[in-house]
Amino acid sequence: MYRVFETLDALVTVVEEARGLPMTANCVVPRGDVLDLLDELRDAVPGELDDAQDVLDHRDELTASAERRADEVTAQADQDADKLVGDARAEAERLVAEARAEAEQLLGRARHEAERTVADARAQHQDLVEAGRVDYERAVADGRAEQARLVAQTEVVQAAHIESGRIIDAGEREATRLRLECDQYIESALAGFEDTLARTLQTVQRGRGQRAHRGRPEPAGPRERLGTDLLA
């Protein structure tokens with residue numbers, strides 16, 4: 001492009017320095033010099049101008065081709081977006097299904113553990129009640145036997161009455177103590193079961209929270225009410 005401007009300046013100089021014709025605005029220029037400058041100017045014009053003209057000649061075709069390409073790219077992008085959304089939805093559903101299955105398993109194990117703990121507590125309670133009843137009956141029987149023996153001894157009838165009353169009272173106090181210990185044991189066992197069940201439910205909730213980071217969280221109202229029913 002620098003040669004183009006330089007050649008144009010040279011042509012202007014030739015015309016300005018040309019000899020003018022008298023009584024006219026015309027001039028006489030050296031044909032050879034002018035033709036040489038014009039040839040040099042034509043050679044200096046960059047080929048990009050021809051390419052630019054080709055682009056202008058085919059601009060409608062290029063515009064239509066670009067629009068078609070844009071439509072193809074847009075359609076492909078829509079397809080890719082739909083596929084990504086479908087894959088994400090499928091993955092989310094899979095994660096939710098896994099979380100539900102794991103929660104059901106944890107709740108099943110918690111329910112089984114609760115039933116086993118309750119059964120053990122009931123069995124131990126029954127054993128304690130039976131042991132207390134046996135001890136009470138034995139103490140009463142011993143007291144009655146002792147009372148009968150003392151009564152049989154006429155010389156110590158009064159002492160026998162006193163001693164028999166003491167023995168019976170002691171038996172009743174022992175029975176009362178055994179019943180209190182039995183009640184305390186049952187209360188302790190049930191408290192331990194309640195603590196175990198609470199920890200199990202906390203484990204379930206933590207598992208569900210961890211699953212929630214990997215996917216859309218699932219409302220857990222019914223399962224939370226189920227854990228509350230177990231505590232109740």
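Me: Which residues form the negative surface patch?
Reply: The negative surface patch is formed by E6, D9, D33, D36, E40 and D43. Before we go on, this is a predicted model: local features need pLDDT of at least 70, side-chain atom pairs count only at pLDDT 80 or more, and totals for chains, interfaces and linings use all residues. Residues are numbered from 1 along each chain as its sequence is written, and side-chain values use heavy atoms, with hydrogens and water left out.

Me: OK, and what does "patch" mean here?
Reply: Patches are made of residues with over 30% relative accessible area and no salt bridge; like charges are joined within 9 Å, and nonpolar side chains (Val, Leu, Ile, Met, Phe, Trp, Tyr) within 5 Å. Asp and Glu count as negative, Lys and Arg as positive, while His and the chain ends are not counted. The place of a charge is taken as NZ of Lys, CZ of Arg, CG of Asp or CD of Glu. Accessible areas come from the Shrake-Rupley method with a 1.4 Å probe, and for residues only the protein chains shown count as cover.

Me: Which helix gives the most to that negative patch?
Reply: Helix 2 does, with 4 residues. Helix 1 (2–17) and helix 2 (31–44) each supply at least two. Helices here are DSSP runs of H or I with at least four residues, strands are runs of E with at least two, and both are numbered from the N terminus.

Me: Is E40 buried or exposed, or in between?
Reply: E40, which is found in helix 2, is partly exposed, with a relative accessible area of 32%. Buried means under 20% relative accessible area, exposed means over 50%, and partly exposed is in between (1.4 Å probe, protein chains only).

Me: What does T7 touch?
Reply: Leaving aside neighbours within four places in sequence, T7 is in contact with L37, E40 and L41. Contact means heavy atoms within 4.5 Å. T7 lies in helix 1 and is buried, at a relative accessible area of 2%.

Me: And V34, where does that lie?
Reply: V34 lies in helix 2. V34 is buried too, with a relative accessible area of 17%. Not counting residues up to four places away in sequence, V34 touches L11, V14 and V29. V34 and A10 are 24 residues apart in sequence and 9.1 Å apart in space, C-alpha to C-alpha.

Me: Changing topic: how many salt bridges are there?
Reply: The count comes to 13 salt bridges. A salt bridge is a side-chain nitrogen of Lys or Arg within 4 Å of a carboxyl oxygen of Asp or Glu.

Me: Why would side chains pair up like that?
Reply: Side chains of opposite charge can pair when their charged atoms come close. One of the pairs here is E113 with R116, whose closest N and O atoms are 2.4 Å apart. Those two are 3 residues apart in helix 4 (residues 59–152), so they are separated by about one helical turn.

Me: What about E174 and R177, how do they meet?
Reply: Their side chains meet in a salt bridge (2.2 Å, N to O). E174 and R177 both lie in helix 5 (residues 157–214), 3 residues apart, about one turn of the helix. There is also a network: salt bridges that share partners join E91, R94 and E98.

Me: Last one: how many helices and strands does the whole chain have?
Reply: The chain comes to 6 helices and 2 strands, and from the N terminus on the elements run α-β-β-α-α-α-α-α. Of the 232 residues, 19% count as buried.
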